[in-house]
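Please read the following alongside the sequence and the coordinates. The walk goes from the overall fold to the nonpolar cores, and then to individual side chains.

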Amino acid sequence: MSKWQSERSIHEMLKDTPPLRESSDSITSGTEAKFSTSRSMSFPSAYVSPEMTPNGAANTSTLLRSSSTKLENLKNWSVSTYKCTKQLLYEKLGKSSRTVDTELEAQIEMLRETQRKYLNVLRLSTALAAQLSAASNTQRALGEAFADLAQKSPELQTQFLYNADTQRSLTRNGETLLAALHFFNSSLHTLANKSMEDTLLTIRQYEAARVEYDAYRSESEAAGTGAGGSGAGGEGVAARLERQRSVYGRLRDDSAVKLKLLHENRVKVMNKQLLLFHNAISAYFSGNNVALEAAVRHFSVPGALPVAPQQPPVTSHPIVTTHPSVPHAGTPP
């Protein structure tokens with residue numbers, strides 16, 4: 001834009017403006033000035049200052065209190081974590097003593113060792129069940145193969161059918177044994193991974209409370225504000241120490257009660273499951289179908305199928321020798 005055009009546009013703008021007298025009269029007389037209000041700026045309807053709402057002050061106060069509470073909790077957690085970490089480090093370095101309940105500590109260590117051993121038994125028993133399941137599947141396929149060959153080999157039909165029936169009987173007995181093993185494994189899993197773990201959870205809470213109690217006790221001893229001590233800040237340290245001693249004592253009693261109840265439950269459950277395991281395994285591998293059926297029925301094993309009737313011994317079934325000229329083993333020629 002040239003200089004001439006710029007000056008001309010400015011002159012045109014000046015022509016459109018009201019005279020100075022008119023503007024001053026409108027201002028001094030209090031009359032409304034002739035300005036367009038279409039370009040006036042207004043706040044969006046969604047924007048409302050917190051102080052403008054009826055509950056704005058209350059909401060602000062609630063937010064401040066909530067933030068203050070969170071900061072206070074974070075501060076307490078940080079201080080407690082620092083003290084507990086320091087206490088554990090000093091215990092390992094031998095610079096601080098720890099509160100020890102000899103009887104309870106021995107029971108806790110025995111429980112952890114028992115859980116490790118039970119989990120090992122569960123692992124081995126699960127592997128045994130998997131192997132027996134594979135053997136049962138093989139026996140089922142073998143029985144089907146014998147039955148198929150019996151239809152296609154008239155000269156060996158009797159022998160094939162007898163072996164097919166034997167494999168079917170073993171398969172049914174194997175499924176019954178597997179049901180007993182699954183029941184045993186399920187009970188052992190519940191005992192080791194749920195009942196024992198629930199008790200160990202309480203024990204871990206007890207151990208954490210013990211560390212925190214020892215941390216406050218060490219702080220109290222270092223500040224010279226024991227149970228009857230005094231000093232700067234002594235009342236606060238003594239109060240925290242007494243509160244933590246109460247928490248520690250309560251969790252110690254809870255751990256002792258849970259250990260006792262767990263021991264009674266473990267003896268009751270394992271007495272039943274070990275008897276089932278022994279009777280089922282012995283009956284299956286000795287071929288005693290009646291004892292196997294009695295075992296699963298006595299312990300109400302879920303999913304157990306009725307076992308097949310007792311098969312006659314193999315020697316009682318006539319075996320046709322197709323080559324009489326071939327001597328049997330141990331028979332002189």
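The chain contains seven helices and zero strands, so that the order of elements from the N terminus reads α-α-α-α-α-α-α. The model is a predicted one. Of its 333 residues, 27% count as buried. The chain exposes about 23,200 Å², and carbon and sulfur atoms supply 60% of that area. Among contacts between residues at least 6 apart in sequence, 77% join residues that are at least 24 apart.

At 1.5 Å a residue, the 67 residues of H5 should span 99 Å, and the C-alpha atoms at its ends lie 96 Å apart, which agrees.

In soluble globular proteins, nonpolar side chains tend to be buried together. Here the largest nonpolar core has 22 residues, and within it Leu111 and Tyr118 touch the most other members. Three helices each supply at least two residues of this core: H4 (102–152), H5 (157–223) and H6 (234–285). The most comes from H5, which gives 11 residues. What does Tyr118 touch, leaving aside residues up to four places away in sequence? Its contacts are Leu188, Leu191, Ala192, Met196, Arg266 and Met270. There is also a second, separate core of 17 residues, including Leu178, Ala280, Leu292 and Val296.

Aromatic rings give another view of the packing. A pair of aromatic rings is described by the distance of the centres and the angle of the planes. Searching the whole structure finds five aromatic pairs. One of them joins Phe146 and Phe160, with 6.0 Å from centre to centre and 35° between the planes, which makes the pair tilted. Phe146 belongs to helix H4 and Phe160 to helix H5, so this pair links distant parts of the chain, 14 residues apart.

Another pair is formed by Tyr284 and Phe285, in an edge-to-face arrangement with 5.0 Å centre to centre and 85° between the planes. Tyr284, at 17% relative accessibility, counts as buried. Phe285, on the other hand, has a relative accessible area of 56% and is therefore exposed, the threshold for that class being over 50%. Beyond these pairs, Tyr206, Tyr213 and Tyr248 form one aromatic cluster.

Gln244 lies in helix H6. Its relative accessibility is 9%, so Gln244 counts as buried. Which residues does Gln244 touch, not counting those up to four places away in sequence? They are Ala209, Glu212, Tyr213 and Tyr216.

Definitions and conventions. Residues are numbered from 1 along each chain as its sequence is written. This is a predicted model: local features need pLDDT of at least 70, side-chain atom pairs count only at pLDDT 80 or more; totals for chains, interfaces and linings use all residues. Side-chain values use heavy atoms; hydrogens and water are left out. A nonpolar core is a set of buried Ala, Val, Leu, Ile, Met, Phe, Trp, Tyr and Cys residues joined through side-chain atoms within 4.5 Å. Buried means under 20% relative accessible area, exposed over 50%, partly exposed in between (1.4 Å probe, protein chains only). Helices (H or I, at least four residues) and strands (E, at least two) are DSSP runs, numbered from the N terminus. Contact means heavy atoms within 4.5 Å. The expected span of a helix is 1.5 Å times one less than its number of residues. Rings of Phe, Tyr and Trp (its six-membered ring) pair if their centres lie within 6.5 Å; planes under 30 degrees apart count as stacked, over 60 as edge-to-face and the rest as tilted. Accessible areas come from the Shrake-Rupley method with a 1.4 Å probe; for residues, only the protein chains shown count as cover.
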